[in-house]
Amino acid sequence: MSLFKKLFPFFVVLLVLFLDQGLKIWVKTSFHLGENIFDFGLLRLDFVENPGMAFGLSFGGVISKYILGVFRLVAIFFIGKYLIKLVKTSAHGGFITLVSLIFAGALGNLLDNLFYGLIFDSGTTWNRVFEYWVGYNGVSTLFSGQYGGLLEGCVVDMLHFVFYWPSWTPFGLANEEVFPPVFNIADACISSSVFLIIIFYKKIISKEDLEFSFFKSRS
């Protein structure tokens, strides 16, 4: 295998992290929470913060952030190990690329969760008295204070597809948004890659790719 093929997943991960973190930091240090940044009709940039999982899903308070953070760390470890295995066994290039995108997306959101509370002076925080998440006013600043500790940062989201169900749609969906969650580049990489793996499963995944043990015995 050529050096380029070995390093290609590394470049994919770096590119995704650069785009994802660059956009997040620009949004958080330039706009107010809840502000509409751009409106292209179908696609809008709306700045929101997500204290939970992807696409605005959350549960519980600060404890849930610790649980999610540890889960992300474990998931990233195993995805990374699997990605290294795929590269070593010269798996299908498309499959390696998609797994690299999933790894990069998971790592991108972990960085928010892990460090944003420490490096930004303001962010969405948990009100322990009333037990709900509280936003903030103003524009955040890097390295001038902190709004939380390790694993207490909120994920920055901004991508928002805005299109509605037709007026004749049943089940109370008429004129409601088809996909209301706001997401980010990391979320898009994970969800789109999983979708493509399912669609092209038979073409890009071999039997050998599924035969993998994280703890192989050595004789």
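Modeller: Two strands pair if DSSP finds at least two bridges between them; helices (H or I, at least four residues) and strands (E, at least two) are DSSP runs, numbered from the N terminus. This is a predicted model, in which local features need pLDDT of at least 70, side-chain atom pairs count only at pLDDT 80 or more, and totals for chains, interfaces and linings use all residues. Residues are numbered from 1 along each chain as its sequence is written, and side-chain values use heavy atoms, without hydrogens and water.

Biologist: In what order do the elements of the protein run from the N terminus on?

Modeller: The protein has 6 helices and 5 strands. Its C-alpha trace spans about 60 × 50 × 30 Å along the principal axes. From the N terminus on, the elements follow the order α-β-β-α-α-β-β-β-α-α-α.

Biologist: What percentage of the 219 residues in the protein is buried?

Modeller: The protein exposes about 12,500 Å² (Shrake-Rupley method, 1.4 Å probe), and carbon and sulfur atoms supply 69% of this area. A residue is buried under 20% relative accessible area, exposed over 50% and partly exposed in between, with protein chains only as cover. Of the 219 residues, the buried share is 40%.

Biologist: At what angle do helix α1 and helix α4 pack?

Modeller: Axes are lines fitted to C-alpha atoms, for helices over the stretch in contact, and angles run from 0 to 180 degrees between N-to-C directions. Helix α1 (residues 3-30) and helix α4 (residues 185-199) have their axes 8 Å apart, and the angle between them is about 140°.

Biologist: Which residues in α4 do V16, L19, D20, L23 and K24 in α1 meet?

Modeller: By class, the contact of α1 with α4 has 6 nonpolar, no polar and 2 charged residues. Contact means heavy atoms within 4.5 Å. On the α1 side stand V16, L19, D20, L23 and K24, and they meet I185, A186 and C189.

Biologist: With which residues is V162 in contact, leaving aside its neighbours within four places in sequence?

Modeller: V162 is found in the loop between β5 (155-161) and α4, and its 10% relative accessibility makes it buried. G41, which takes a positive phi near 90° in the hairpin of β1 and β2, is 121 residues from V162 in sequence but 7.1 Å away in space, C-alpha to C-alpha. Beyond its neighbours within four places in sequence, V162 is in contact with G41, L42, R44 and E177.

Biologist: What distance separates the C-alpha atoms of Y82 and V99?

Modeller: Y82 lies in helix α2 (residues 62-88). With a relative accessible area of 17%, Y82 is buried. Y82 and V99 are 17 residues apart along the chain, and their C-alpha atoms are separated by 8.6 Å.

Notes:
Nonpolar A, V, L, I, M, F, W, Y, C, P; charged D, E, K, R; others polar. Buried < 20%, exposed > 50% of the residue type's maximum accessible area, 1.4 Å probe, protein only.
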